[in-house]
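Student: Could we go through this one together? I would like to start with the backbone and then move on to the side chains.

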Amino acid sequence: MRNPKLRGWIQKLVYPVGEKNVSLLGQAFKIDCQSEVGYYRASIANNSNIFFRDEVPQFISFVAALSPGMIFVDAGTNIGTWTKQIASLGQIVDGLKVVAFEPHPRTFQRLRENCSELNNVQLHNLALSDRNGTLDFFESTTSGVFGVTKSNFNDADESKRLRIAAVTLDDCLGDVGNIALKIDVEGHELEVLRGANGLLARGALRVVFSDGIANESYREFRGILVGAGFKIYNARTRGPESADESYHAIIAVRNADGVISR
């Protein structure tokens, strides 16, 4: 709109007048809703869309912990939003490579197309677990909550049960070191971490991020990481982990002093 006076009049009709506390990129800000209307609109999108509210702040936290030569392992990559973004950082972070796992066959096809132009990515149409073999895999209303665990959270459809191949991280990654691991597997997080006991024991895992670990699994999940020398943060706020949440989004860093807050 090229008429500034008309634009200002409409803006005052549509948006609040005065200051307001909003959330952007996982942090709190005070803004003036008129003179910083772009930030106000962004805060509306932030609050109404889980991708902007949760995933973007978590992604920023994770990227802060990456270092040259790391292997980013994406457990439950879906269509590859994290895989593709982090692979593109290989142009900035020297030697950065990506190994991504997506068990659902149709989602995997879209993942492969999305990453077809990347030369620092390995894609595996496999699930990760605490043993090699096969698992029941349940579809739901959206691919973001497909998983091996049925719950109120994923509204799993019994008629769309699949049998999928599963491997452990220990067997799949062998003697690889300097790993940053993202786990987003809708209720199977603890099993994925148990399958990395060998990597943990030899110090190969440096960063672990997991989104939405349920309380019934979190105590053991946390104990494994703390026992291996990790410091745990809230992945959304980058502050101390929150013990009172029903689902725990955390980032854990080995030798963590100064990594998240730098």
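Student: Which residue just after H9 takes a positive phi?
Tutor: Gly229 does, with a phi of about 90°, and it comes just after H9; bear in mind that this is a predicted model.

Student: How far apart are the end C-alpha atoms of H9, and what should the helix span?
Tutor: The 13 residues of H9, residues 215-227, should span 18 Å at 1.5 Å a residue, and the end C-alpha atoms are 18 Å apart, which agrees.

Student: Which residues of H9 are buried?
Tutor: Ser217, Tyr218, Phe221, Ile224 and Leu225 are buried in H9. Seen down the helix axis, the buried residues of H9 fall within an arc of 135°, so they line one face of the helix.

Student: And what does the face turned away from the buried side carry?
Tutor: That face of H9 carries the exposed residues Glu216, Arg219 and Gly227.

Student: Switching to cysteines, how many disulfides does a search of the whole structure find?
Tutor: The search finds 0 disulfides.

Student: Cys115, buried or exposed?
Tutor: Cys115 is buried, because its relative accessible area is 5% and the cut-off for buried is under 20%. Cys172, by contrast, counts as partly exposed at 30% relative accessibility.

Student: Last topic: which residues form a nonpolar patch on the surface?
Tutor: Leu6, Ile10, Leu13 and Val14 form that patch, and together they have about 350 Å² of accessible area. Of these residues, Ile10 lies in helix H1, residues 4-14, and is partly exposed, with a relative accessible area of 30%.

Notes
Residues are numbered from 1 along each chain as its sequence is written. This is a predicted model: local features need pLDDT of at least 70, side-chain atom pairs count only at pLDDT 80 or more; totals for chains, interfaces and linings use all residues. Side-chain values use heavy atoms; hydrogens and water are left out. Patches are made of residues with over 30% relative accessible area and no salt bridge: like charges are joined within 9 Å, nonpolar side chains (Val, Leu, Ile, Met, Phe, Trp, Tyr) within 5 Å. Accessible areas come from the Shrake-Rupley method with a 1.4 Å probe; for residues, only the protein chains shown count as cover. A salt bridge is a side-chain nitrogen of Lys or Arg within 4 Å of a carboxyl oxygen of Asp or Glu. Helices (H or I, at least four residues) and strands (E, at least two) are DSSP runs, numbered from the N terminus. Buried means under 20% relative accessible area, exposed over 50%, partly exposed in between (1.4 Å probe, protein chains only). The expected span of a helix is 1.5 Å times one less than its number of residues. The arc is that of the directions from the helix axis to the C-beta atoms. A disulfide is a pair of cysteine sulfur atoms within 2.5 Å.
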